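Trainee: I have a model open and I'd like to learn how to read it. Can we go through a few features together?

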Amino acid sequence: MSLDTANTFAYFNRALIRYEEKDFMGALSDLDRVLAKEPGNALTLYNRALIRSQLGDYDRALEDYDMVLNINPENVLAYYNRAALFVTMGRYYDAIDDYTMAISLYPDFAKAYLNRSYVRNMIGDYASAQADYRTASDKIEAYRLAMADSTGRAAFADTTRKYDRLLALDSDFAKDGFGDGLLQNRNVDIKLKPMYKFVSASSVPDGAPVLIYGGYQDNGLSDFIASVPVNVALLCRDGRNTDGVDNARLLDVLSKVIESEGGSRNLFAKAILESEDNHFNAALEAYNEAIEADPGEVFYYLNRGALQSDMIDFISSIESNVQVLTLDNAGTVKARVQDGTRKSYDYTPAVEDMMKAVSLDPDFPYSYYNLGNLYCLSGELPEAIAQYTEAIRLYPNLAEAYYNRGLVQIYVQDREKGCMDLSKAGELGIEDAYGVIKKYCTPEE
């Protein structure tokens, strides 16, 4: 701070230290310094809300939570902890609404069900309270069974623990919300482009018998999409479906069809819809059943691998266990997992699924691209570069592969190649590439 009085990241980290030393007012002072310069810093607002709640400054804590949710309306932790604040303030119906929002965003959140059960009991809604308690108990038991499962496929999160400690992230410093960014810088968004997977869509492009995204042509892919009972598309997209698909209605119809007819395509469609509502375990079970019914279908493995990675990323984001690669202004790479419990996550099942997809169709470029992302998540950067390179060999216009390979090459100090890849990604339509080029590829004057 003596060298750079405007270094908000230093104030943020000192606030964490002061908090651990029980110097709560000092921590608040440092967070206030950050917010004076960066009023939209959601992570700092969130941490200040937690401290203000603990100090009994409920009204101002509520203001901070409101601002966090205005920045990121799908922040599970903000709803969850604001609900706890509402309970303390005696605003039980508001608390129920917030726990309900947390559950809608993460339907396997056992602790949220337990807390909502408690609040419903407080207002005399005993039947609903009992139902919530049963649901929470079932999810806790499912977690324990998953932990005992040697395959570990579903053993990703203990949602019975507390989620009210301060969060510390190296990535992005939460300028636009806080989450699980893999490759980010404080000033320029340099997050990896996400994996390709099949997602639901309100409409699928008509016309040529070959689909699809970015001009890639594959009759097998088009035939597969046509055989799925709901509209789907192979896209590189984060987050929930926003195309107006009524997942609940479609799931109800599919469940009835599966019950009477079965069918691996029906199960595949069900898995997609379940995953887009963050029903991770239900989606995984549907993918497992689809693969058991048709073990030779390459696209089942591609989507199950992507799901298993998404599960880890989502859980890590609410457990404050975020694997990040960050760049300082000199382009120096740093990599670590930050978490008070030092819990690690294993991407092996996802990698195995993507490798299976490659073995079933060695000419499908998106499987190699996805493998590149998974190797990045696993910290195996040279192997990630090799997988992106193979994806580009098979499909030279795969813009996201150039973009991600370019980022990784910069991180391993091969800046010339990285900047060339980013330039190519920009030419192919990825506008984000130009911001990264300006930051890391422009010679200093």
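Trainee: Let's start with H3 and H4: in which hand does H3 pass H4?

Mentor: H3 passes H4 in a left-handed crossing. A crossing is left-handed if the near helix is turned anticlockwise from the far one by less than a right angle, and right-handed if clockwise. Before we go on: this is a predicted model, where local features need pLDDT of at least 70, side-chain atom pairs count only at pLDDT 80 or more, and totals for chains, interfaces and linings use all residues. Residues are numbered from 1 along each chain as its sequence is written, and side-chain values use heavy atoms, with hydrogens and water left out.

Trainee: And how do I describe two packed helices?

Mentor: You give the angle between their axes and the distance between the axes. Here, the axes of H3 (residues 42-54) and H4 (residues 58-71) come within 8 Å and cross at roughly 155 degrees. That makes H3 roughly antiparallel to H4; angles over 145 degrees count that way, under 35 as roughly parallel, 65 to 115 as roughly perpendicular and the rest as oblique. The axes are lines fitted to C-alpha atoms over the stretch in contact, with angles from 0 to 180 degrees between N-to-C directions. Helices (H or I, at least four residues) and strands (E, at least two) are DSSP runs, numbered from the N terminus.

Trainee: Which residues of H3 and H4 meet?

Mentor: Contact means heavy atoms within 4.5 Å. Among them, Leu45 and Tyr46 are on the H3 side, and Ala61 and Tyr65 on the H4 side.

Trainee: What about H10 and H11: how do their axes cross?

Mentor: The axes of H10 (residues 247-261) and H11 (residues 264-276) come within 10 Å and cross at roughly 150 degrees. So H10 is roughly antiparallel to H11, and H10 passes H11 in a left-handed crossing too.

Trainee: Now strands. Where do side chains point in a regular strand?

Mentor: They alternate between the two faces of the sheet. In E2, Tyr196, Phe198 and Ser200 lie on one side, Lys197 and Val199 on the other, and all are buried. Buried means under 20% relative accessible area, exposed over 50%, partly exposed in between (1.4 Å probe, protein chains only). Five of the five residues of E2 (residues 196-200) are buried, so E2 is largely enclosed by the rest of the structure.
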